[in-house]
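Subject: The model we talked about

Hi there,

Here is the structure I promised to pass on.

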Amino acid sequence: MARSASPRLPPALPYAAQVEIFSRFRAANPHPVTELEYTNAFTLLVAVALSAQATDIGVNKATKRLFQRVSTPQEMLELGVEALTDEIKTIGLYRQKAKNVIALSRRLVEEYGGEVPQSRAALMTLPGVGRKTANVVLNSVFHFPAQAVDTHIFRVGNRTRIAPGRDVEAVERAVEDNVPVPFQQSAHHWLILHGRYICQAKRPRCKICPIEDLCPYEEKTE
């Protein structure tokens, strides 16, 4: 028996609504940035790699002293996996993450002259670096309008219909396709922050939402 087709996703919000939504986000927060703390491209790469299944607050606590000691791939190699493991042991999956950070640091030294490469494909060859991590680095450090889709953006994109999609890569494409160009650089920051603090998973804070009147989500909270 043939499986029934999945229901079609609703269309993305029209252009005028997108302009209004992101105009409001920009008015409230003109220059949004990642909440991860870092000093350069390498330390941001490490911070994002450590943030998988961890909060930004937790990562920042773990890296505060680490980034005072280490700011380059060579310094990370000199620190070594045991000392790094001890530094980040408050983060989930810290043993594997420490191994990945040492391995990516070695790759950066041996293949990229100790510099963080400026392409998604090159970044994604590094141990422990996926598309989301690569996009965060490309956006925050190299100012390329890459869209790093996490669970917050996936939820907000679908719930508000700013960028509907069945998986994170589909939502990434939907952001690129539907968000007007003037807002592309900061779009993923605004959407992450909106999902983290307003459009929360279990109980969205609709009464204080700046785009409540434009949002088609039917199960709004009182």
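Below is what turned up in it, starting with the pocket and moving on to salt bridges, cysteines and one leucine.

Please keep in mind that this is a predicted model, in which local features need pLDDT of at least 70 and side-chain atom pairs count only at pLDDT 80 or more, while totals for chains, interfaces and linings use all residues. Residues are numbered from 1 along each chain as its sequence is written, and side-chain values use heavy atoms, with hydrogens and water left out.

**The largest pocket**

The largest pocket holds about 490 Å³ of space. A pocket here is an open set of points on a 1 Å grid over the protein atoms alone, where a 1.4 Å probe fits and protein lies on both sides within 12 Å along at least five of seven lines; lining residues have an atom within 4 Å of a point. Grid points are joined across faces, edges and corners, and the volume is the space filled by probe spheres set on them.

Of its 25 lining residues, Asp56, Asp150, His152, Ile192 and Arg196 are the closest to the centre. Helix 11 gives the largest share of the lining, 6 residues. Helix 3, helix 8 (131–140), helix 9 (151–160) and helix 11 each supply at least two. Helices are DSSP runs of H or I with at least four residues, numbered from the N terminus. By type, the lining divides into 11 nonpolar, 9 polar and 5 charged residues.

**Salt bridges**

There are 9 salt bridges in the structure, each a side-chain nitrogen of Lys or Arg within 4 Å of a carboxyl oxygen of Asp or Glu. In one of them, Arg196 pairs with Glu35 at 2.4 Å, N to O. Arg196 is in helix 11 (residues 184–197) and Glu35 in the loop between helix 1 and helix 2 (41–50), so this pair ties together parts 161 residues apart in sequence. Arg196 is partly exposed at 22% relative accessible area, as is Glu35 at 31%; partly exposed lies between buried (under 20%) and exposed (over 50%), with a 1.4 Å probe and protein chains only.

Another bridge joins Arg69 and Glu87 at 2.5 Å, N to O. Arg69 belongs to helix 3 (residues 56–69) and Glu87 to helix 5 (residues 81–87), 18 residues apart. Here Glu87 is buried at 8%, whereas Arg69 is partly exposed at 46%. Lys89 also bridges to Asp86, with 3.1 Å between the closest N and O atoms. Shared partners join Glu20, Arg24 and Asp213 into one network.

**Cysteines**

How many disulfides does the structure hold? It holds 0, a disulfide being a pair of cysteine sulfur atoms within 2.5 Å. For Cys209, the nearest cysteine sulfur is that of Cys215, 6.3 Å away. The sulfur of Cys215 has its closest cysteine sulfur in Cys199, at 6.2 Å, which is too far for a bond. Cys209 is buried at 17%, and Cys215 is buried at 14%.

**Leu9**

Finally, Leu9 sits in the segment before helix 1 (15–28) and is partly exposed at 36%. Beyond its neighbours within four places in sequence, Leu9 is in contact (heavy atoms within 4.5 Å) with Asn158, Pro164, Gly165 and Arg166. Leu9 and Asp150 are 141 residues apart in sequence and 19 Å apart in space, C-alpha to C-alpha.

Happy to go through any of this with you.

Best wishes

Methods:
Nonpolar A, V, L, I, M, F, W, Y, C, P; charged D, E, K, R; others polar.
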